[in-house]
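Work through the exercises below with the sequence and the 3D view open. Each task is followed by a solution in steps.

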Amino acid sequence: MTKPLEGIKIIDFTHVQAGPACTQLLAWFGADVIKVERPGSGDVTRNQLRDIPDADALYFTMLNSNKKSLTLDTKKPEGKEVLEKLIRESDVLVENFGPGALDRMGFSWERLNELNPKMIVASVKGFSDGHHYDDLKVYENVAQCAGGAASTTGFWDGPPTISAAALGDSNTGMHLAIGILTALLGRDKTGKGQKVAVSMQDSVLNLCRVKLRDQQRLERVGYLEEYPQYPHGEFSDVVPRGGNAGGGGQPGWVLKCKGWETDPNAYIYFTIQGHAWEPICKALGKPEWIDDPAYKTAEARQPHIFEIFATIEEWLADKTKFEAVDILRKFDIPCAPVLTMKELANDPSLRASGTIVEVPHKKRGTYLTVGSPIKFSDLKPEVTASPLLGEHTDEVLASLGYSQQEIFNLREVKAV
Ligand code: COA
């Protein structure tokens, strides 16, 4: 099977999560991704949170599958020379160093464009160019705070809260992948490369757009009717944290199921979709609510929505989260069990679809990782193990025309 990105050569100058998530996605779809790492140490995540001594940490293996690893000290003149050769024959360079690091290394956008005018140079930074914080180094949680996610996540009586989903890191990487693919299509038309930049703050905010919607509604009308604060609580002039309330026009909440007293995840998410009110009443055995004016419309239900949720919890008390969803799905009610990582890891449907895959690794044995969440009719992305540090150094250097002696010399000066 020919993969759509076959023939696209990518210099992967990324580390930690945001950049590697982007290049991993492109590698799954067939790009030749060469990860450039510092000799001796490599990507810092190789060593972070190790569960097996002397083997690359899962943090690294789960973000760097399907890539090659080239060790190269790009601060040494000999290393710079190798990088320049690689740049001349690559389609894309992706990096997520701290602000200014690439320039300090001698590879500014202007220099890169001079070396290869067709190359796309893609960067992740914490803040966009010209932003008053554009000199800041940024990690996931910093971005969640800067992008509006933290101030709007959690409960109103608790502090701003971070989401477990990598909204700052992997999400930014996904945005960057879209930018790179767009620039590649653009290059087909113009013959020119370009600079693609994505900031973590912007990417978080892009996913928080409904909260920006709510800020404007709040300023206009003074309240937000789908938030738990309405109609009994107070609103200030900023979007509050809404706990587990649904973000759209459909109220919802996390509800207790059988066993919640001992199992912290014995819950379902229940959505009261407006047009599903009749089936909800039928499913709950409350047919009298269907035409009751106090329950009939979303507007009538909102003032006592938590009493309604409490009634649903009574109904859920003798049902596990899975039993409850099996009943509710027959009534077309949008709901799901709150699934744990253990349940997801063992989910047969996710295994069958390739969303969770087992990958053999030279040092770790087999490990579990995520596969492509994007499914195609003509492509089944195959996930292969992340490379060992420098595993492909000789191969890449040979492909650039270096002889065995020259490779030996580069090793002697610790440039590779
Ligand atoms: N050979 C030689 N030097 C190398 C190298 C190589 N192969 N690879 C990296 N380096 C150098 C860089 O040139 C830089 O040197 P300098 O600061 O002296 O100019 C240094 O290693 C790495 O710098 P930096 O990226 O700033 O690393 P850090 O560990 O201090 O910061 C981050 C980590 C993630 C905070 C920072 O990279 C960052 O803010 N990145 C942008 C936002 C981002 O992607 N964050 C999320 C990561 S999940």
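Helices (H or I, at least four residues) and strands (E, at least two) are DSSP runs, numbered from the N terminus. The model is predicted: local features need pLDDT of at least 70, side-chain atom pairs count only at pLDDT 80 or more, and totals for chains, interfaces and linings use all residues. Residues are numbered from 1 along each chain as its sequence is written, and side-chain values use heavy atoms, with hydrogens and water left out.

**Exercise 1. The chain as a whole**

Task: Describe the protein chain by its helices and strands, its box and its buried share.

Solution. 
Step 1. The protein chain has 17 helices and eleven strands.
Step 2. Taken along the principal axes, its C-alpha atoms fill a box of roughly 85 × 45 × 40 Å.
Step 3. Buried means under 20% relative accessible area, exposed over 50%, and partly exposed in between (1.4 Å probe, protein chains only). Of the 416 residues, 46% count as buried.
Step 4. Accessible areas come from the Shrake-Rupley method with a 1.4 Å probe; for residues, only the protein chains shown count as cover. The chain exposes about 21,100 Å², and carbon and sulfur atoms supply 55% of that.
Step 5. Contact means heavy atoms within 4.5 Å. Among contacts in the chain with a separation of 6 or more, 64% are between residues 24 or more positions apart.

**Exercise 2. The ligand**

Task: Which residues come nearest to the ligand, and what classes make up the shell around the ligand?

Solution. 
Step 1. A residue is near a molecule if one of its heavy atoms lies within 4 Å of it. There are 22 residues around the ligand, and Lys 75, Gly 98, Arg 104, Lys 137 and Val 138 come nearest.
Step 2. Ala, Val, Leu, Ile, Met, Phe, Trp, Tyr, Cys and Pro count as nonpolar, Asp, Glu, Lys and Arg as charged, and the others, Gly among them, as polar. The shell then holds nine nonpolar, six polar and seven charged residues.
Step 3. For polar contacts, look for pairs of N or O atoms within 3.5 Å. An N or O atom in the side chain of His 15 is 3.0 Å from an oxygen atom of the ligand, and a polar side-chain atom of Asn 96 is 2.9 Å from an oxygen atom of the ligand. From Thr 74, a polar backbone atom lies 3.1 Å from a nitrogen atom of the ligand.
Step 4. The ligand taken alone exposes 940 Å², of which the protein buries 84%.

**Exercise 3. Backbone exceptions**

Task: Where is the cis peptide bond of Pro 231, and is Asp 54 buried or exposed?

Solution. 
Step 1. Most residues other than glycine have a negative phi, and most peptide bonds are trans.
Step 2. Tyr 230 and Pro 231 are joined by a cis peptide bond, with omega about 0°. Pro 231 sits in the loop between helix H9 (209-221) and strand E7 (252-256).
Step 3. Asp 54 has a positive phi, near 65°. Asp 54 is in the loop between strand E2 (32-37) and helix H2 (58-61), and at 63% relative accessibility it counts as exposed.
Step 4. Lys 414 has a positive phi too, near 60°. Lys 414 lies in the segment after helix H17 (404-412) and is exposed, with a relative accessible area of 58%.

**Exercise 4. Lys 85**

Task: Which residues does Lys 85 touch, not counting those up to four places away in sequence?

Solution. 
Step 1. Lys 85 is in helix H3 (residues 77-88) and counts as partly exposed at 35% relative accessibility.
Step 2. With that exclusion, Lys 85 touches Leu 400 and Tyr 402.
Step 3. Lys 85 and Gly 401 are 316 residues apart in sequence, yet 9.5 Å apart in space, C-alpha to C-alpha.

Conventions: Polar contact = N/O pair within 3.5 Å; in protein donor to acceptor, adjacent residues only side chain to side chain.
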